Amino acid sequence: MILLLALSTPAWADSAQPPAPYAYRQLEDAKQEARAKALMAELRCLVCQGQSIAESDAEMAGDMRSLVRQRIKAGESPDEVRTWLIERYGSWVSYKPTFSPETLFLYAAPLLLLLAGSLLAARRMKRRRVR
Amino acid sequence: MNRKLWLALPLIVFALFVLAVGWRLSSPPDPTVKSRMIGKPVPEFALPAALPAKPALASADLRRQGPRLVNLFASWCVPCIAEAPVLLDLKNRGVAIDGIAIRDTPTDIQRFLADHGDPFQRMGDDKASQVQMAFGSAGVPESFVVDASGVIRFQHVGPIMPQDVPTILAELEKAR
């Protein structure tokens, strides 16, 4: 029975504690808030996988928003915060893929497709001229 | 070229699609979030004491003595109740266990420990999950094996159940 309880998802309830300081509060500096906001839209919520922390109401997402805002407030750049999180959770935590051997194909794909397309077009045009 | 093959192409694509969907439905991806901090030194932190009667927890405490088990738990976390007797068993086998209480209050922690036993030597109070995130943990309960030099060696996601004890003990032995 205890095991069943442990396995059921709703059992991983929320605490009754107030949200983290900057979970639902904007930063005082509008520029910093804009930067934090843009980053939050690109970070994956760890417990509600599939939502960004900007749009999730999960407690963990609130804690992550507070972490992002506090670090931005302390003067870190959004990329530094993103790197800090990637070091802990893997590139999975960021919706914006970083450049790495794994994502090389992703970044090269548009170029490769463009190349293939122009080759195809060139062949067609050549044939037409011959005719 | 052969027209028949071209005509069959959509069917082939569809068959591949069905295969891909069937494969993912039969073996869904593992949603467990694994920490990337394994093999790295514990993050720098100094948490206040979660209970007045128990010493607080800082990264320096983890570096000092032997392999330790750091258990992230909360009084509001139901699987943590299932894990509690197993942690007591580990404590009785001589495992040094430190706790990090996530989003909790002294009153609730006190009640939780009175009801389910207290295996903890030290306990830090992580009000906004900040140290939890520094460990690369995504929920409660989770446990980390930290070796004598303060390097994280192993992560266990979810409650430690009786069948996990041999693995935990082996990892602690390896971290000696």
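In this predicted model, the axes of helix 2 (residues 30-40) and helix 3 (residues 59-73) of chain A approach within 9 Å and cross at roughly 140°. An angle counts as roughly antiparallel only when it is over 145 degrees, and helix 2 and helix 3 of chain A are therefore oblique to each other. Their crossing is right-handed. On the helix 2 side of chain A, the contact is formed by Gln32(A), Arg35(A), Ala36(A), Leu39(A) and Met40(A). Helix 3 of chain A contributes Arg65(A), Val68(A), Arg69(A), Ile72(A) and Lys73(A). By class, this contact of helix 2 with helix 3 of chain A holds five nonpolar residues, one polar residue and four charged residues.

Helix 2 of chain A also packs against helix 4 (residues 78-89) of chain A, where the axes come within 10 Å and cross at roughly 35°. The crossing of helix 2 and helix 4 of chain A is right-handed. Here Arg35(A), Ala38(A) and Leu39(A) of helix 2 of chain A meet Pro78(A), Val81(A) and Arg82(A) of helix 4 of chain A. The contact of helix 2 with helix 4 of chain A contains four nonpolar and two charged residues, and no polar ones. Arg35(A) and Leu39(A) of helix 2 of chain A take part in the contact with helix 3 of chain A, and Arg35(A) and Leu39(A) are also listed in the contact with helix 4 of chain A.

| Helix pair | Axes come within | Crossing angle |
|---|---|---|
| Helix 2 and helix 3 of chain A | 9 Å | roughly 140° |
| Helix 2 and helix 4 of chain A | 10 Å | roughly 35° |

**Chain A as a whole**

Chain A has five helices and zero strands, and its pattern along the sequence is α-α-α-α-α. Of the 131 residues in chain A, 23% are buried. Taking the contacts in chain A between residues at least 6 apart in sequence, 49% join residues at least 24 apart.

The loop between helix 1 (2-7) and helix 2 of chain A includes Ala16(A). A residue is exposed if 12 or fewer other C-beta atoms lie within 10 Å of its own; Ala16(A) has 11 and is therefore exposed. Ala16(A) and Val81(A) are 65 residues apart along the chain, and their C-alpha atoms are separated by 28 Å.

**Chain B as a whole**

Chain B contains six helices and seven strands. Their order along the sequence is α-β-β-α-β-α-β-α-β-α-β-β-α. The radius of gyration of chain B is 22 Å, whereas a compact globule of 176 residues would have one near 16 Å. The C-alpha trace of chain B spans about 80 × 35 × 30 Å along its principal axes. Buried residues account for 39% of the 176 residues in chain B. Of the contacts in chain B between residues at least 6 apart in sequence, 75% link residues at least 24 apart.

**Contact between the chains**

The contact between the chains takes 21 residues from chain B and 23 residues from chain A. On the side of chain B that touches chain A, the elements giving two or more residues are helix 3 (78-92) and helix 5 (130-134) of chain B. Helix 3 of chain B gives the most, with three residues. This side of chain B divides into 13 nonpolar, five polar and three charged residues.

**Backbone features of chain B**

Most residues other than glycine have a negative phi, and most peptide bonds are trans. Arg103(B), which is not a glycine, has a positive phi of about 45°. Arg103(B) sits in the loop between strand 4 (96-102) and helix 4 (106-116) of chain B. A residue is buried if 20 or more other C-beta atoms lie within 10 Å of its own; Arg103(B) has 26 such neighbours and so counts as buried.

Ser129(B), likewise not a glycine, has a positive phi of about 60°. Ser129(B) is located in the loop between strand 5 (123-126) and helix 5 of chain B. Ser129(B) is buried because 29 other C-beta atoms lie within 10 Å.

The peptide bond from Val140(B) to Pro141(B) is cis, with omega near -10°. Pro141(B) belongs to the loop between helix 5 and strand 6 (142-146) of chain B.

How values were computed. Residues numbered from 1 in each chain as written. Chains lettered and ligands numbered in written order. Predicted model: local features only at pLDDT ≥ 70, side-chain atom pairs only at ≥ 80, totals over all residues. Helix = DSSP H or I, 4+ residues; strand = E, 2+ residues; numbered from the N terminus. Rg over C-alpha atoms; globule rule 2.2 N^0.38 Å. Contact = placed C-beta atoms within 7 Å. Nonpolar A, V, L, I, M, F, W, Y, C, P; charged D, E, K, R; others polar. Axes fitted to C-alpha atoms, helices over the stretch in contact; angles between N-to-C directions. Parallel < 35°, antiparallel > 145°, perpendicular 65-115°, else oblique. Left-handed = near helix turned anticlockwise from the far one by under 90°.
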